[in-house]
Amino acid sequence: MDHRWAAALLLFLIVHQGLSIPSIQPKNGTLIKKKGDRISLQCTDSSGVRWITPSSAKKTINQNRVTIMSADPKHTGQYICQNRISFENSSLYIFVEDAKNLFVTPSLRRMFIGGTEGAEAVIPCRVTTPRIGNIRLEKDKGGPMPENLTYTSDI
């Protein structure tokens with residue numbers, strides 16, 4: 001019985017507030033910054049919001065704001081502002097350009113890629129600039145890649 005009341009209350013709150021979609025400032029699907037720049041994002045919505053960000057930006061969140069005083073390539077990634085009730089969201093992708101770091105260094109747990117032969121695998125490789133065009137896969141120690149290996153890149 002308690003679950004019905006909770007569901008009814010949630011439905012009432014959603015209908016009462018309307019299905020609002022959070023809005024991120026600045027308004028743009030992509031934001032390009034340089035290393036050392038200040039990044040300031042604000043999310044507005046009729047009810048409470050939460051941010052979903054790259055792990056490197058977690059400590060920069062203050063309620064409906066994300067403020068990064070000195071941007072670093074590790075701050076590159078998707079920033080999502082989500083309504084806490086309806087789960088509607090808006091997102092922004094931030095690139096933090098640095099000529100010395102064209103890729104975000106993966107965390108230790110993402111450095112090892114597992115899989116089975118013949119199956120698809122995702123190589124976590126975030127670029128820090130949208131201007132990179134020719135990405136190719138190479139072995140760390142040199143040498144040719146297997147002939148039957150195929151891959152696609154998506155920036």
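**Salt bridges in the model**

A: Buried residues (under 20% relative accessible area, with exposed over 50% and partly exposed in between, for a 1.4 Å probe and protein chains only) make up 25% of the 155 residues in the protein. This is a predicted model, in which local features need pLDDT of at least 70, side-chain atom pairs count only at pLDDT 80 or more, and totals for chains, interfaces and linings use all residues. Residues are numbered from 1 along each chain as its sequence is written, and side-chain values use heavy atoms, with hydrogens and water left out.

The protein has two helices and eight strands; helices (H or I, at least four residues) and strands (E, at least two) are DSSP runs, numbered from the N terminus.

Three salt bridges are found in the whole structure, each defined as a side-chain nitrogen of Lys or Arg within 4 Å of a carboxyl oxygen of Asp or Glu. In one of them, Glu 97 meets Lys 34 at 2.8 Å, N to O. Glu 97 belongs to strand β8 (residues 89-97) and Lys 34 to strand β2 (residues 30-34), so this pair ties together parts 63 residues apart in sequence. Glu 97 is buried, at 9% relative accessible area, whereas Lys 34 is partly exposed at 47%.

Glu 97 also forms a salt bridge with Arg 131, with the closest N and O atoms 3.2 Å apart. Arg 131 lies in the segment after α2, so its pairing with Glu 97 in strand β8 joins parts 34 residues apart in sequence. Arg 131 is exposed, at 58% relative accessibility.

Asp 98 pairs with Lys 35 in a salt bridge whose closest N and O atoms are 3.9 Å apart.
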